[in-house]
Amino acid sequence: MCGIIGIVGRDGVSELLLEGLKRLEYRGYDSAGIATLVDGAIERRRAEGKLINLERRLAEAPLAGSIGIGHTRWATHGGPTEGNAHPHATDRVAVVHNGIIENYQALTAELTRKGHVFVTETDTEVVAHLITDYLQQGKAPVEACRLAFHRLEGAFALAILFAGEENLMVGTRRGTPLAVGYGDGAMYLASDAFAMAPLTNRLAYLEDGDWVVLTRNSAEIRAADDTPVERKIHVSNVSAALIGKAGHRHFMLKEIFEQPQVIGDTINAFVSASTGTIALPDLPFDPAKVPRLTIVACGTAYYVAMVAKYWFEQVARLPVEVDIGSEFRYRDTPFEKGGVAVFVSQSGETLDTLEALRHAKRAGQHIVSIVNVPESTIARESDRVLYTLAGPEIGVASTKAFTTQLTVMACLVLAFARARGTISHEREAELALALREVPARAAEVLRHDDAIQALASMVAESRDALYLGRGTAYPIALEGALKLKEISYIHAEGYAAGEMKHGPISLIDDGVPVIALAPSDALFEKVVSNIQEVAARSGRVLLISDADGVARLGGKVRWSIELPKVDPFVAPILHSLPVQLLAYHTAVAKGTDVDQPRNLAKSVTVE
Ligand code: F6R
């Protein structure tokens with residue numbers, strides 16, 4: 001989703017802005033631009049497509065200046081053209097924006113009547129004109145912004161530059177994130193800590209509705225009601241090195257191979273070193289008394305919620321409802337008193353999930369979140385945060401965040417089961433051990449990389465693919481299909497294996513690879529029947545199972561990948577890895593942009 005960077009600094013600001021935009025690329029974008037002040041006048045360079053185009057534009061026509069704003073745009077209102085690229089500007093004001101100005105049409109009509117001329121299809125341009133209008137009425141820049149902010153509706157983060165003001169920048173956030181960076185003789189505004197990583201690690205995250213006035217040496221923050229406020233300055237541990245590719249061809253591959261390490265780090269944070277049992281931070285409620293759990297997330301994180309439903313119901317005997325963020329809050333679901341709502345999000349900024357959280361909070365639910373990005377909005381608005389220690393995830397397709405989310409969820413399930421008395425000490429110890437062994441088993445799974453790469457060339461030639469699973473393998477089938485479609489653009493669907501005969505089996509022919517996820521668990525024999533139904537109709541099946549499963553079914557399928565035998569409880573974590581690798585290698589074989597697939601954004605901050 002759109003990325004913002006602003007710098008009030010020293011000469012040569014356009015190079016720093018461009019570098020900052022490169023660190024924001026991972027969020028997903030389709031055009032980019034920067035604006036600086038040159039002899040007090042606003043100058044812009046913008047380009048369609050990737051940053052290389054903007055870089056070329058800047059090489060042809062360099063931009064001087066010591067103050068400037070930059071933007072990567074993920075198109076919402078208006079196509080990804082140069083004309084619609086940010087910054088948007090009048091002769092007095094330049095603006096970069098992440099989010100949506102919901103009342104832009106009414107404001108545009110009002111300002112058009114006053115003589116303002118609009119030249120783009122965006123909702124953002126109205127912000128530049130609105131502030132300009134207040135300047136034309138004789139207001140000073142800060143006051144003009146204050147008045148304008150009170151008139152804007154929607155979710156937005158903004159950074160604003162003024163002609164003739166070499167030492168002034170104004171920013172604000174409502175709904176979407178914006179952080180202030182404190183440098184030495186320079187101040188920064190950015191969408192996230194990555195953008196500022198080599199510039200400063202001292203950051204204050206603006207709260208919802210905050211706005212800030214920056215000079216080279218100061219940041220004055222005001223709350224939504226315009227009263228001055230202090231926001232805590234954090235020392236970020238995001239370093240530029242952490243967001244390199246470490247010799248891998250793509251971030252996604254690096255992140256897939258980091259999984260043994262980061263799953264291990266995450267387990268260590270939630271397992272007592274002395275007893276080997278789960279030791280979560282105190283929860284602000286008694287799990288034994290929780291009547292019902294609601295788990296909400298979007299996309300890949302939602303499949304974690306689906307796995308968790310099986311786990312909580314089977315192991316902790318707790319009824320669980322799961323939903324996607326964009327549906328949940330409009331469903332008007334009745335909440336039970338004392339209920340707990342869990343929100344799962346890598347970025348901690350997904351607006352659909354965040355709004356669902358606020359909805360559940362208003363309904364008096366205890367809020368727990370599983371989040372990867374510290375200090376993100378979802379983390380800050382939760383009663384308890386359980387962090388995944390995946391480290392920065394840059395590839396748009398989520399991989400290590402997914403498996404660490406599953407890991408945290410497994411720990412939460414065991415903590416609930418213990419508190420509710422639904423698990424024996426022996427079984428708890430067995431499952432905790434199975435979890436602690438996941439990093440080593442995951443490393444074994446990754447050794448199938450070459451074999452999976454070879455299979456990917458076959459998948460790359462297909463137009464469609466199907467993924468099947470039962471029980472906790474069903475959400476992994478959905479995740480496998482999502483991974484494949486989002487980065488290789490091959491149409492893929494995941495199904496509960498037992499559902500095939502109720503309709504989708506008519507899709508089977510020898511051109512459709514069927515990836516069957518079948519750990520040898522209690523449902524295995526049922527899956528065997530489902531796979532045989534597919535094989536009998538010329539379906540080309542790739543079986544992903546353990547030694548027992550491959551021994552039982554290997555002869556009946558076209559290909560198989562043998563995973564280590566583990567307790568079925570942790571099998572979904574391990575089965576995630578081959579489907580990630582299959583999607584990755586298929587995308588590479590097709591030559592798509594693996595880390596920044598078309599149309600996608602990493603952190604989705606619009607509804
Ligand atoms: C897919 C993917 C997305 C995200 C979804 C939620 O690979 O990454 O489906 O899982 O947009 O994002 P977060 O977890 O940041 O809330």
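Modeller: A salt bridge is a side-chain nitrogen of Lys or Arg within 4 Å of a carboxyl oxygen of Asp or Glu. The model here is predicted, and the structure holds 38 salt bridges.

Biologist: What is the general idea behind such pairs, and which parts does the pair of Lys50 and Asp593 tie together?

Modeller: Side chains of opposite charge can pair when their charged atoms come close. Here Lys50 forms a salt bridge with Asp593, with 3.7 Å between the closest N and O atoms. Lys50 lies in the loop between strand S3 (41-48) and helix H2 (51-60), and Asp593 in the segment after helix H20 (571-590), so the bridge ties together parts that are 543 residues apart in sequence. Lys50 is partly exposed, at 28% relative accessible area, and Asp593 is partly exposed too, at 34%.

Biologist: Where do Asp567 and Arg427 lie?

Modeller: Their side chains meet in a salt bridge of 3.0 Å, N to O. Asp567 is in the loop between strand S25 (559-563) and H20, while Arg427 is in helix H14 (residues 425-436), so this pair joins parts 140 residues apart in sequence. Arg427 is partly exposed, with a relative accessible area of 31%.

Biologist: Are Glu355 and Arg329 buried or exposed?

Modeller: Both Glu355 and Arg329 are buried. Their side chains meet in a salt bridge, 3.9 Å from N to O. This pair links distant parts of the chain, 26 residues apart: Glu355 is in helix H11 (residues 351-362) and Arg329 in the loop between H10 and S18. Both also belong to a network of salt bridges that links Arg173, Asp208, Arg329, Glu355, Arg358 and Glu381.

Biologist: How should I read a helix, and which residues of H3 are buried?

Modeller: An α-helix has 3.6 residues a turn, so residues three or four places apart point the same way. In helix H3 (residues 104-113), the buried residues are Tyr104, Leu107, Thr108 and Leu111. They are on the same side of H3 because they cover an arc of only 100° around the axis. Gln105, Ala106 and Arg113 are exposed on the other side of H3. The cover over the buried residues includes strand S6 (93-101), helix H4 (125-136) and helix H5 (141-151). After H3 comes Gly115, which has a positive phi, near 105°.

Biologist: Last, the cysteines. How many disulfides does the count come to?

Modeller: A disulfide is a covalent bond between the sulfur atoms of two cysteines. In this model the count comes to zero disulfides. Cys2 is in none, and the nearest cysteine sulfur, that of Cys298, is 18 Å away.

How values were computed:
Residues numbered from 1 in each chain as written. Predicted model: local features only at pLDDT ≥ 70, side-chain atom pairs only at ≥ 80, totals over all residues. Heavy atoms only, no water. Disulfide = S-S within 2.5 Å. Buried < 20%, exposed > 50% of the residue type's maximum accessible area, 1.4 Å probe, protein only. Helix = DSSP H or I, 4+ residues; strand = E, 2+ residues; numbered from the N terminus. Arc of directions from axis to C-beta. Contact = heavy atoms within 4.5 Å.
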